[in-house]
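Hello,

Here is the structure we talked about passing on. Please look it over first, then read the notes below.

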Amino acid sequence: MRLDVQRSPHCLPLCCITERPRSSQTRNKMSLSSILSADAIDSAIKDCQAPDSFCPKKFFQLCGLTKKSPQEVKKVFGILDNDASGFIEEEELKFFLQRFTPGARVLTDKETKEFLCAADDDGDGQIGVDEFQAMVLS
């Protein structure tokens, strides 16, 4: 933790205590592994290694997410929402598998669009927490 003193345009000091941000991959891996088993994540990732083989429903089953509580699914959503916007956008979906395992492949454009279409119930081009939860737990 460090103390930053900055000057405002009116020369009054502004003090801000800032904490060095943690690596998002470290934070996400720790968080995901506290909810899902590493073996289940590995199994789900291995199942969709080939391009255009990703199926969200099957992935959620294999990694064990479908057996989790609604609160745990919401926690996973928060981890997948990389920019903390409250939505998972198409750009974030491309890197969906990498949020589970950093060395995993990127989803193809076709897989990304199909995933978005399957989960985006209101047609706004992004997946909200309720849409994600409904897809995982249905």
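Phe-100 is buried, at 4% relative accessibility (buried is under 20% relative accessible area, exposed over 50%, partly exposed in between; 1.4 Å probe, protein chains only). The model is predicted: local features need pLDDT of at least 70 and side-chain atom pairs pLDDT 80 or more, while totals for chains, interfaces and linings use all residues. Residues are numbered from 1 along each chain as its sequence is written, and side-chain values use heavy atoms, without hydrogens and water.

There are 12 aromatic pairs in the structure (rings of Phe, Tyr and Trp, the last by its six-membered ring, with centres within 6.5 Å; planes under 30 degrees apart are stacked, over 60 edge-to-face, the rest tilted). Phe-59 and Phe-100 have ring centres 4.9 Å apart and planes at 75°, so this pair is edge-to-face. Phe-59 sits in helix H3 and Phe-100 in helix H6 (residues 96–100), so the pair ties together parts 41 residues apart in sequence (helices are DSSP runs of H or I, at least four residues, numbered from the N terminus). Phe-59 is buried too, at 2% relative accessible area.

**A second pair**

Phe-77 and Phe-132 make a tilted pair, 5.7 Å centre to centre with 50° between the planes. Phe-77 is in helix H4 (residues 70–80) and Phe-132 in helix H8 (residues 129–137), 55 residues apart. Both Phe-77 and Phe-132 are buried.

One aromatic cluster includes Phe-59, Phe-77, Phe-100 and Phe-132.

**Ser-33**

Ser-33 belongs to helix H1 (residues 24–35). Ser-33 is partly exposed, at 44% relative accessibility.

Best wishes

Conventions
Helix = DSSP H or I, 4+ residues; strand = E, 2+ residues; numbered from the N terminus.
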